[in-house]
Amino acid sequence: PLAAGQSYALALLGSAALWVLLGTIAARSATRTPVATWRDFWREYLWLAGGVWLGVVLSLVASNLILGGAFL
């Protein structure tokens, strides 16, 4: 199923949409105070990005356990 070129394009679009959404959420959270800095943005963004990467790692471990060592 991953051999088709269309699935790669959809994955790229989905990934880009996810990261833009995370950046937007981080920007909205960081600018709640009147004097927002880039440090506020990056603090919010890193928490969100860390959650995404934790989900990626956990899903890879789970798929490795289910599929019996196909990925790791």
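Good morning. I begin with the largest nonpolar core, which has 6 residues: Leu 22, Ala 26, Ala 30, Phe 41, Tyr 45 and Ala 49. The elements that each give two or more residues to this core are helix H1, spanning 5-30, and helix H2. Please keep in mind throughout that this is a predicted model.

The protein chain contains 2 helices and 0 strands. Of its 72 residues, 14% are buried. The accessible surface of the chain comes to about 5,900 Å², and carbon and sulfur atoms account for 73% of that area. As for contacts between residues at least 6 apart in sequence, 26% join residues at least 24 apart.

I turn next to the aromatic residues. Searching the whole structure gives 6 aromatic pairs. In one of them, Trp 19 and Tyr 45, the ring centres are 6.4 Å apart and the planes stand at 50°, so this pair is tilted. The two partners come from distant parts of the chain, with Trp 19 in helix H1 and Tyr 45 in helix H2, 26 residues apart. How accessible are these two residues? Trp 19 is partly exposed, at 24% relative accessibility, whereas Tyr 45 is buried, with a relative accessible area of 16%. The cut-off explains the two labels: buried means under 20% relative accessible area, so Tyr 45 at 16% falls below that value.

Trp 19 has a further partner. With Trp 53 it forms another tilted pair, 6.5 Å from centre to centre and with 35° between the planes. This pair also links distant parts of the chain, since Trp 19 lies in helix H1 and Trp 53 in helix H2, 34 residues apart. Trp 19, Tyr 45 and Trp 53 belong to one aromatic cluster, together with Trp 38, Phe 41 and Trp 42. Phe 41 and Tyr 45 are therefore members of the cluster and of the nonpolar core with which I began.

What surrounds Tyr 45, apart from its neighbours within four places in sequence? Its contacts are Trp 19, Leu 22, Gly 23 and Ala 26. Leu 22 and Ala 26 are core residues as well.

My last topic is Asp 40, a residue of helix H2, which covers residues 38-67. Is Asp 40 buried or exposed? Its relative accessible area is 16%, so Asp 40 counts as buried. The side chain of Asp 40 reaches the backbone nitrogen of Thr 37 at a distance of 3.1 Å. Leaving aside neighbours within four places in sequence, Asp 40 is in contact with Ala 30, Thr 33 and Val 35.

How many salt bridges does a search of the whole structure find? The search finds 1. In the salt bridge between Arg 43 and Asp 40, the closest N and O atoms are 3.0 Å apart. Both residues lie in helix H2, 3 residues apart, or about one turn of the helix. Their accessibilities fall into separate classes: Arg 43 is partly exposed at 41% relative accessibility, while Asp 40, as I said, is buried at 16%.

How values were computed. Residues numbered from 1 in each chain as written. Predicted model: local features only at pLDDT ≥ 70, side-chain atom pairs only at ≥ 80, totals over all residues. Heavy atoms only, no water. Helix = DSSP H or I, 4+ residues; strand = E, 2+ residues; numbered from the N terminus. Buried < 20%, exposed > 50% of the residue type's maximum accessible area, 1.4 Å probe, protein only. Contact = heavy atoms within 4.5 Å. Areas by Shrake-Rupley, 256 points an atom, 1.4 Å probe, with all protein chains shown as cover. Polar contact = N/O pair within 3.5 Å; in protein donor to acceptor, adjacent residues only side chain to side chain. Core = buried A, V, L, I, M, F, W, Y, C linked by side-chain atoms within 4.5 Å. Salt bridge = Lys/Arg side-chain N within 4 Å of Asp/Glu carboxyl O. Phe/Tyr/Trp six-rings, centres within 6.5 Å; stacked < 30°, edge-to-face > 60°.
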